[in-house]
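Have the viewer open while you read.

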Amino acid sequence: MSIQDQLQALRLPVICSPMFIASTPRLVIEQCKAGFVGSFPALNARPQAMFADWLDEISETLAAVPA
């Protein structure tokens, strides 16, 4: 499914603002499960190598959620 298809499937046009320090994969996952666009600042993943791990965690968790 393309990003455009995913955005059109949103129940509400809501994007959750990334919050410095507070936004984590767990928050983004819950936002996405609730039908919103979740986000986090890349800077929150420290050390920098953790960024890829966070993206993997979000992708894998959301892939396991029934549509």
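What follows covers the pocket, then the core, then the cysteines.

This is a predicted model, where local features need pLDDT of at least 70, side-chain atom pairs count only at pLDDT 80 or more, and totals for chains, interfaces and linings use all residues. Residues are numbered from 1 along each chain as its sequence is written, and side-chain values use heavy atoms, with hydrogens and water left out.

The largest pocket comes out at about 800 Å³. A pocket here is an open set of points on a 1 Å grid where a 1.4 Å probe fits, with protein on both sides within 12 Å along at least five of seven lines; lining residues have an atom within 4 Å of a point. Its lining has 21 residues, with Gln-6, Leu-10, Cys-32, Phe-36 and Leu-62 nearest the centre. Helices H1 (3-8), H2 (25-33) and H3 (50-63) each give two or more residues to that lining (helices are DSSP runs of H or I, at least four residues). By type, the lining splits into 15 nonpolar, four polar and two charged.

Now the largest nonpolar core: Val-28, Ile-29, Phe-40, Ala-45, Trp-54 and Ile-58. Such a core joins buried nonpolar residues through side-chain atoms within 4.5 Å. H2 and H3 each supply two or more of its residues.

As for disulfides (cysteine sulfur pairs within 2.5 Å), the whole structure has zero. The sulfurs of Cys-16 and Cys-32 are 8.0 Å apart, too far for a bond. Buried means under 20% relative accessible area, exposed over 50%, partly exposed in between (1.4 Å probe, protein chains only).

| Cysteine | Relative accessible area | Class |
|---|---|---|
| Cys-16 | 14% | buried |
| Cys-32 | 27% | partly exposed |

Conventions. Grid points are joined across faces, edges and corners, and a volume is the space filled by probe spheres set on the points. Ala, Val, Leu, Ile, Met, Phe, Trp, Tyr, Cys and Pro count as nonpolar, Asp, Glu, Lys and Arg as charged, and the others, Gly among them, as polar.
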